[in-house]
Amino acid sequence: MAGLLDYTDGSSVLHRLNPLTKLVLAFAVCVAAFVTGNLWYLAALLAFSLGLGFVGGIGRVALRLLWTLVRVCAFLFVLQLLFIRAGTPIWLFVTDVGVATAARVSLRLMDATMPLVLLLSVTQASDLSGALVKVARLPYRYAFTLMTALRFIPVFTGEMAHIIQAQTARGVPFDTKNPLRRVSLILPLCVPLLVSSVGRIDQAAISAEARGFYLRRRDSGYKDYPFAVRDGVALLVAAALIAAAVLVR
Amino acid sequence: MTPTATETAAETATGTATGTAAAPHTSAIIATDRLSFTYAAGTRPALDDINLQVAAGDFVGIIGPSGAGKSTLAAALSGVIPHYWKGSFYGAVRVDGRDSCEQSLTDISRTVATVFQDIEAQMVAAIVEDEVLFGLENFGVPKADIPGRVTDALDLVGIADLRRRTISSLSGGQRQKVALAAALALRPRVLLLDEPTSELDPASSVQIFETLQRLNREQGITVIVIEQKIMLLCAYARTLGVMDGGRLVHHGPVRTVLEHIEDLETRGVNAPRVTTFTHALRRAVGAGLPLTVTVDETESALRRAFSGAANDTTHNTQGERDVYAPL
Ligand SMILES: Nc1ncnc2c1ncn2[C@@H]1O[C@H](COP(=O)(O)OP(=O)(O)OP(=O)(O)O)[C@@H](O)[C@H]1O
Ligand SMILES: [Mg+2]
């Protein structure tokens, strides 16, 4: 999963959309997927998401994501087939209602995940938080907390990888095939990592304050996030997606 | 600047010390008065009776072995102690004439821009440019001035080409430069840097000190830098402070402090090799030789000292080459 949410630089329409428009668009696809039960429309939404990836110049990322989701959903699909007993059997334990429901749930899951992940990977976290503060009026404190949390994820995973590497070099069998044993080896590492991260976050708070964090007001941000015509168009598309979902139900 | 206040001299001359201290107090931009601090989790004081006056416009270097309390001193000068770290705090720190306990950390940071030792943890942004923007936005720098300030700061530390890079993709040394640029962009009256070159190559370290010197000379910015590379401090700082075991054991003009070369060495602070050399030579042949800091300076001092004796024997020049070799 590492690198999936990484920002991909570019200058496509998607990159230039207002970060809030992107959030609304992703959210609209989600809503549409839960409003409709129409399998064809759910598939169309998936195609739309994939299309977004190609428009944003991150087609490869989109396909990779789709492949990951397909594998997860295939598992879910089979699980559902096993448990749904309603409807008429069509083959062994499989019923017609089972197939339809399983397909619907799997598609919905993919529809809900794809656009959000794809749009986030063409949006810089700082722009997202900047727009949330300036346009959506989110208090800066919360935006900053969110940003810091996001920023620390790779720091911690990197640190964890370092510790594991160092311990492996000293003969601790982290490469064991037994997942239970792996977990039992990794769990004790979480404590020192947690302790060091609390120290880190303290230091981050100090340095933010020493650079005037508490003086910051809503309009302190240097960048502005105005809405352009393309944002209007994107918002219309978002509305149309939901309207169509209601119509085809 | 008060002349050297060595451990022993401070005890015998307390009366005169307070007498002379009154004058620099008025021009001192940062001063500590009998400052002691023990961390809540610590058993012995990390700072022990520190009396440090930093005159506005000075270039101060602080050196000392690991665990001497240098970072703790930086925390006290920047207001992080007592505002964040808990512990027992005695004495006072005055920043721009006001007690640091009576101003908030934010107030202090209007005067002092600090680069802390843990570079990783003090980054607030994902992208280099945003990191530099952060302080400028917060302190309300007019928007029209901001792009110029960012560009200037990045140019000063030589990382203009990293402007759009993500911080997570930078090397340790590059991150140090980013942190420094973010502090420089604020154009503070005092720059407080805790080992700003620890991950830099020698050339970049020199470049950073050149920049600091230029800012100090041209803009009168007071520089306080904690640094392990004694050569850099000797070449660029005007005042040197030596810490050991929580105490400020020497403090004064660089050359005056270097006179305590033997004491410095017992504390694990090695003087520049040329200084060690001229010191040894001075002891061997007697006085008449000044304590030198740079190679050029040593050469001319030697020429002067030995010009009379040079044509006596060839033995002298032979000896000179021998001692020069390890330099
Ligand atoms: N948060 C803390 N809690 C308790 N003790 C601490 C804390 N931070 C530092 N110390 C102790 O205070 C003393 C001085 O530490 P400090 O970090 O100031 O040293 P330093 O001179 O900066 O060393 P270095 O060159 O390694 O950075 C050390 O003995 C250290 O163990
Ligand atoms: Mg330190």
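Colleague: How many residues of chain A are in contact with chain B?
Modeller: In this predicted model, 27 residues of chain A are in contact with 31 residues of chain B. Contact means heavy atoms within 4.5 Å.

Colleague: And what area is buried between them?
Modeller: About 2800 Å² between chain A and chain B, with carbon and sulfur atoms giving 57% of that. Buried area here is the accessible area (1.4 Å probe) that two parts lose on being put together, summed over both.

Colleague: Before I go on, what should I know about the numbering and the model?
Modeller: Residues are numbered from 1 along each chain as its sequence is written, while chains are lettered from A and ligands numbered from 1 in the order in which they are written. As the model is predicted, local features need pLDDT of at least 70 and side-chain atom pairs count only at pLDDT 80 or more, while totals for chains, interfaces and linings use all residues; side-chain values use heavy atoms, with hydrogens and water left out.

Colleague: OK, chain A by itself. How is chain A divided?
Modeller: Into domain 1 (1-135 + 225-249) and domain 2 (138-223), with bounds from an automatic or database domain assignment. Their contact takes 8 residues from domain 1 of chain A and 9 residues from domain 2 of chain A. The C-alpha centres of the two domains lie 29 Å apart.

Colleague: What area is buried there?
Modeller: About 850 Å² between domain 1 and domain 2 of chain A, 65% of it from carbon and sulfur atoms. In domain 1 of chain A, L132(A), V133(A) and K134(A) lose the most area to domain 2, together 59% of what that side buries.

Colleague: How many salt bridges does the rule find across that interface?
Modeller: It finds 1 between domain 1 and domain 2 of chain A. Also in chain A, D127(A) forms a salt bridge with K223(A), the closest N and O atoms being 3.9 Å apart.

Colleague: Switching topic: what are the protein donors of the magnesium ion?
Modeller: S71(B) through OG and Q117(B) through OE1, lying 1.9 to 2.1 Å from the ion, which is ligand 2. Donors are N, O and S atoms within 2.8 Å of the metal (3.2 Å for Na, K and Ca); water is not among the atoms, so sites may look incomplete.

Colleague: Where do S71(B) and Q117(B) lie?
Modeller: S71(B) is in helix α3 (residues 70-77) of chain B and Q117(B) is in the loop between β6 (112-115) and α6 (119-122) of chain B, so the pair ties together parts that are 46 residues apart in sequence. Helices (H or I, at least four residues) and strands (E, at least two) are DSSP runs, numbered from the N terminus.

Colleague: Last one: how do β9(B) and β10(B) pair?
Modeller: In the antiparallel sense over 6 bridges; two strands pair if DSSP finds at least two bridges between them. M243(B) stands opposite L248(B) in β10(B).

How values were computed. Salt bridge = Lys/Arg side-chain N within 4 Å of Asp/Glu carboxyl O.
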